[in-house]
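Here is a short tour of one model, written for someone who would rather look at residues than read tables. Keep the viewer open as you go.

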Amino acid sequence: SHFDPSNAEALMKYTAQKQLPVAAFEFGNELNNQIDPVVYGEDFGTMRKMITEIWPDEGTRPLLVGPDIGISGSYFEAFLPVARPYINATTYHTYSGYGLDPKLAQKIPTIDFLKIQTKNALYMVNITQNNAPGVDLWVGESAAAWHSGQDGTTNTFLSGFWYINALGTTATNNHKAFCRQTLVGGNYELLNKTTFMPNPDYYTALLYKTLMGQKMLTVNISPSVMILLLRMRPAQTTIFLEPLFSLL
């Protein structure tokens, strides 16, 4: 191992002893500038061993996902072949805009802006399939704009243009989960940090979770018209909130 696993092990053992349900453990966050990708992939082996020993019953065993970094093809290409035996899903960060962009509000409802999410999703599908076939793909962190979003834009109805498209685009491109940045914190939060009242994107997530299923419909339309069509079925879609709180 290249790290001290004692703290993580203590947390996992406590969680298991208390029989607290855990969907997944995500190992690390944006560590690609700090850890060699091969070393990082080997560390996932240490985490996998601990999780398997602490949760011997596969039916209750949490998933192990990562590395939860931005889109860096060379890093993923080195990391994934090493980590592949140990991880259940590849996670990555994707943002279409920049929170300090003065023209962000004008850009969000445009086709060019919405295409960024599609481009990133397709790129990561290819990276994962080529380097870790059989491993699921998740968006590990995402919002309409990074740098904590933009007040009056990414916490308003306008963000829904990006969010609805992002959910549909990733589902269409074989992503198994979408982790939204964030529940509380920053200017892309789903709940207002002061009042805890829902922002518009909260209702987008709720509607998607409630209405959308796992089957997609392909339609042929005029090139001058953009339509996103999702088959509506009882709730079968996984949406996670990542992280629970942000201090930004």
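## What you're looking at

This is a predicted model, in which local features need pLDDT of at least 70, side-chain atom pairs count only at pLDDT 80 or more, and totals for chains, interfaces and linings use all residues. Numbering starts from 1 along each chain as its sequence is written, and side-chain values use heavy atoms, with hydrogens and water left out.

The average pLDDT (the predictor's confidence in each residue, from 0 to 100) is 89, and 87% of the residues score at least 70. Go carefully with residues 236-248: the pLDDT there is below 50, although the stretch has 48 contacts in the model beyond near neighbours in sequence. Contact here means heavy atoms within 4.5 Å.

## Strands β4 and β5

Helices (H or I, at least four residues) and strands (E, at least two) are DSSP runs, numbered from the N terminus. Strand β4 (residues 136-146) runs parallel to β5, and 3 bridges join them; strands pair if DSSP finds at least two bridges between them. From β4 the chain goes through helix α6 (residues 159-172) to β5 in a right-handed β-α-β crossover. Right-handed means that, with the strands pointing away from the viewer, the path from the first strand over the helix to the second runs clockwise.

In β5 (residues 177-180), Ala-177 and Cys-179 point one way while Phe-178 and Arg-180 point the other, and all are buried. Buried means under 20% relative accessible area, exposed over 50%, partly exposed in between (1.4 Å probe, protein chains only).

## Around Thr-94

Thr-94 sits in strand β3 (residues 89-98) and is buried, with a relative accessible area of 2%. Leaving aside neighbours within four places in sequence, Thr-94 has contacts that include Ile-71, Gln-117, Val-139 and Glu-141.

Asn-120 is also on that list, and the side chains of Thr-94 and Asn-120 make a polar contact at 2.9 Å. That term covers a pair of N or O atoms within 3.5 Å; within protein, one must be able to donate a hydrogen and the other to accept it, and residues adjacent in sequence count only if both atoms are side-chain atoms.

Most residues other than glycine have a negative phi, and most peptide bonds are trans. Here, the bond from Gly-66 to Pro-67 is cis, with omega near 5°, and Pro-67 is in strand β2 (residues 63-69). Another cis bond joins Gln-181 and Thr-182, with omega about 0°.

Ser-148 has a positive phi, near 70°. Ser-148 lies in the loop between β4 and α6 and counts as buried at 11% relative accessibility.
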